[in-house]
Amino acid sequence: MREDRQNDEARHIRITPNYLDHPDGSVLIECGKTRVICSAMIENKVPGFLRGKNKGWLSSEYSMLPGSTPTRKVRDISKGKLDGRSSEISRLIGRALRTCIDLDKIGERTIWIDCDVISADGGTRTAAITGSYIALKLAVKKALENKRFEEDPIISKVAAISVGKVNG
C-alpha cells in the first residue's frame, strides 16, 4: 500500500512556469517524484507540405534523460535511432496538443514542443501532455503580446491523467 496517498487519490502536482530562460514558454511539472521539463518554441517556418498554405504546424519531441531512471537510460543518439516508446509518446503529445489549437491562426510557423523527463516514477507521458499544454499556453500568450499572432489560436484545454483498474 502506498504511504503517501490512497489508491483513488491523484499524485500531488506542482508546476513551475517559465522554468527555462530561452523558450517562448516552459514549465517544470512535478507529479509525485516524476519531473518533466516541457518547453514550447515558435519557429518562423513550416514543413514542406505546408509551405505556401498560410497554415502552421505543431510538433513534439519526448525523451528521457540517462539519469531519469534507476538504471541508466541510453540516449537515442547512441543507438542511432529513436526508441519506439519515445517516438510513440512524441506522437501522442503532438496529437493531443493539435486538438487544442487552430493552426490556421498561427501563419506559416511551427510550434515545437520539447519534453525532457528528468525523473521518472510513473506517469511521464501524462505529465508531459499536461506540462506541454501549459508551455504552449505561455508561448501563445507571449506571441500575442509581441504581436506575432493576431488572435489567440488556442480553442480548448488539454490535460492528462493515468488511471488503473484494480480487482475488476
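Student: Where does Ser-68 lie, and does Ser-68 count as buried or exposed?
Tutor: This is a predicted model, in which local features need pLDDT of at least 70 and side-chain atom pairs count only at pLDDT 80 or more, while totals for chains, interfaces and linings use all residues. Residues are numbered from 1 along each chain as its sequence is written, and side-chain values use heavy atoms, with hydrogens and water left out. Ser-68 lies in the loop between strand S4 (57-64) and helix H1 (76-79), where helices (H or I, at least four residues) and strands (E, at least two) are DSSP runs numbered from the N terminus. Its relative accessible area is 5%, and because buried means under 20%, exposed over 50% and partly exposed in between (1.4 Å probe, protein chains only), Ser-68 counts as buried.

Student: Which residues is Ser-68 in contact with, leaving aside its neighbours within four places in sequence?
Tutor: Contact means heavy atoms within 4.5 Å. With the sequence neighbours within four places left aside, the residues in contact with Ser-68 are Val-117, Ile-118, Ser-119 and Ala-120.

Student: How does Pro-47 count by its relative accessibility, and which residues does Pro-47 touch, not counting those up to four places away in sequence?
Tutor: Pro-47 is found in the loop between strand S3 (34-43) and S4, and at 25% relative accessibility it counts as partly exposed. Pro-47 and Arg-109 are 62 residues apart in sequence, and their C-alpha atoms are 9.0 Å apart in space. Not counting residues up to four places away in sequence, Pro-47 touches Trp-57 and Thr-110.

Student: How are H2 and H3 oriented relative to each other?
Tutor: Two packed helices are described by the angle between their axes and the distance between the axes. Helix H2 (residues 84-98) and helix H3 (residues 124-145) pack at about 40°, with their axes 10 Å apart; here axes are lines fitted to C-alpha atoms, for helices over the stretch in contact, and angles run from 0 to 180 degrees between N-to-C directions. Angles under 35 degrees count as roughly parallel, over 145 as roughly antiparallel, 65 to 115 as roughly perpendicular and the rest as oblique. H2 and H3 are therefore oblique.

Student: How far apart are the end C-alpha atoms of H2?
Tutor: The expected span of a helix is 1.5 Å times one less than its number of residues. The 15 residues of H2 should therefore span 21 Å, and this agrees with the distance between its end C-alpha atoms, which is 21 Å.

Student: Which residue follows H3, and what is its relative accessible area?
Tutor: H3 is followed by Lys-147, which has a positive phi of about 65° although it is not a glycine. Lys-147 is exposed, and its relative accessible area is 70%.
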